[in-house]
Amino acid sequence: MPNESSHHAHAAGVHRVVVIVDENSNPFELGCATEVFGLRRPEIGRELYDFRLCSPEPRTAMRDGFFTLTGVAGLEAADTADTLIVPNRPDVEVPRRPAVLDAIRRAHARGVRLIGFCSGAFTLAEAGVLDGRRATAHWQWANAFRARFPAVHLESDVLFVDDGDILTAAGSAAALDLGLHVVRRDHGAEVANSVSRRLVFAAHRDGGQRQFVERPMPDLPDESLSPVLAWAQERLDAPLTVSDLAVRAAVSPATLHRRFRAQLGTTPLMWLTGERLALACRLIERGESRFEIVARRSGLGTAANLRSLMRRETGITPSAYRRRFGPEKGN
């Protein structure tokens, strides 16, 4: 583990995240979990998570034998988790160890939050905790997953699925998207933005965005959306419309829509709404208690619209969000 990791005695009141690492686990998703949950955050000024790895064996060969992991806790550490991240492996057809599946079932029975990155959805489904639930997995395994686990409601064209106490990500970069979503859910938008800045990663991509875009890189430099996105982010309190964005980008609304779909995997309106809601959350966290002011300054219009969007996107009201993440949280 890196020196900065919060792998130490369980601090009182700090949410513990435990990652199960099994034979042939993917190093990338393990790195994502460590980066998001395992590093200390001196710039934030407080501990966000207590983090540790565990494995059913003293020595665990990672994917394709790239390296061997040693010196981590035994599988019993999974029984101390508040959030448990399950193994993800490329050999999805190979059954998981019974001891690992039993640890997942015990965690689920006591209300632990479960997270599966990429093929981790196979692990959760094999443990039997996804029956009747929503989940996602990497698109290349969608057909195999549906054939093996028909009782799971697989959403194969999204970045991640938050189904309350069970969350799944499509894989690779989507693991970072889901990790930041969890940080935002636990600690608010301001802290999630701080973590994303340290990662040099987008602070917020909605889970409903597509797993892949039509063109990961634009063919021509002048088709980049970056200038118009930066322009809009400085004017979120203004009555911006998709037509305004199109005028700024010097294209038709239809062309702008195609470029958003191709480059960001979302629509201009969905992007604009998401940016405004993120700004509203930051304003509440910084102490603005007048929700009409929050709504106006974030471009959401009215307090009623703010309440509706926050309930839809975060599951809680602005008042509950203020109690949880505002300057006087916990008082």
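Predicted model: local features only at pLDDT ≥ 70, side-chain atom pairs only at ≥ 80, totals over all residues.
Buried means under 20% relative accessible area.

**Figure 1. The whole chain, before we zoom in.** The protein chain holds 13 helices and eleven strands. Of its 331 residues, 51% count as buried.

**Figure 2. The buried residues of helix α1.** Which residues of α1 are buried? They are E29, L30, C32, A33, T34, V36, F37 and G38. What do the buried residues of α1 pack against? Their neighbours are the strands β1, β2, β6 and β7 (113-117), together with the helices α5 (173-187) and α6 (189-199). As background for reading any helix, an α-helix has 3.6 residues a turn, so residues three or four places apart point the same way.

**Figure 3. A salt bridge between D22 and R97.** The side chains of D22 and R97 come together in a salt bridge, with 2.5 Å from N to O. D22 sits in the loop between β1 (16-20) and α1 (27-38), while R97 sits in the loop between β6 (83-85) and α2 (98-109), so this pair ties together parts that are 75 residues apart in sequence. Is D22 buried or exposed? With a relative accessible area of 1%, D22 is buried. R97, by contrast, is partly exposed, at a relative accessible area of 26%.

**Figure 4. R97 again, now with E57.** R97 also forms a salt bridge with E57, at 3.3 Å from N to O. E57 belongs to the loop between β2 (50-55) and β3 (59-61), and R97 to the loop between β6 and α2, so the pair ties together parts that are 40 residues apart in sequence. E57 has a relative accessibility of 36% and counts as partly exposed.

Figure 5. R148 counts as partly exposed, at 37% relative accessibility. Elsewhere, salt bridges that share partners join D22, E23, E57, R89, D91 and R97 into one network. The count of salt bridges comes to 20.

**Figure 6. The largest nonpolar core.** In soluble globular proteins, nonpolar side chains tend to be buried together. In this model the largest nonpolar core has 35 residues, and L84, I104, L114 and F145 are those with the most contacts inside it. At least two residues of this core come from each of β1, α2, α3 and α4. Which element gives the most to this core? It is α2, with five residues.

Figure 7. Leaving aside residues up to four places away in sequence, L84 touches V18, I20, A78, A103, I104, A107, V112, R113, L114 and I115. There is also a second, separate core of 33 residues, and V17, A33, A192 and V195 are among its members.

**Figure 8. Helices α5 and α6 side by side.** Two packed helices are described by the angle between their axes and the distance between the axes. For α5 and α6 the angle is about 150°, and the axes are 7 Å apart. Their crossing is right-handed. On the α5 side, L176, L180, V183, R184 and H187 make the contact, and on the α6 side A189, V191, A192, V195, S196 and L199 do. These contact residues divide into eight nonpolar, two polar and one charged.

**Figure 9. Two residues with positive phi.** Most residues other than glycine have a negative phi, and most peptide bonds are trans. C118 is not a glycine, yet its phi is positive, near 55°. C118 lies in the loop between β7 and α3 and is buried, with a relative accessible area of 5%. A250, also not a glycine, has a positive phi of about 60°. Where is A250? Its place is in the loop between α8 (242-249) and α9 (253-264). A250 is exposed, with a relative accessible area of 68%.

Key: Residues numbered from 1 in each chain as written. Heavy atoms only, no water. Salt bridge = Lys/Arg side-chain N within 4 Å of Asp/Glu carboxyl O. Helix = DSSP H or I, 4+ residues; strand = E, 2+ residues; numbered from the N terminus. Buried < 20%, exposed > 50% of the residue type's maximum accessible area, 1.4 Å probe, protein only. Core = buried A, V, L, I, M, F, W, Y, C linked by side-chain atoms within 4.5 Å. Contact = heavy atoms within 4.5 Å. Axes fitted to C-alpha atoms, helices over the stretch in contact; angles between N-to-C directions. Left-handed = near helix turned anticlockwise from the far one by under 90°. Nonpolar A, V, L, I, M, F, W, Y, C, P; charged D, E, K, R; others polar.
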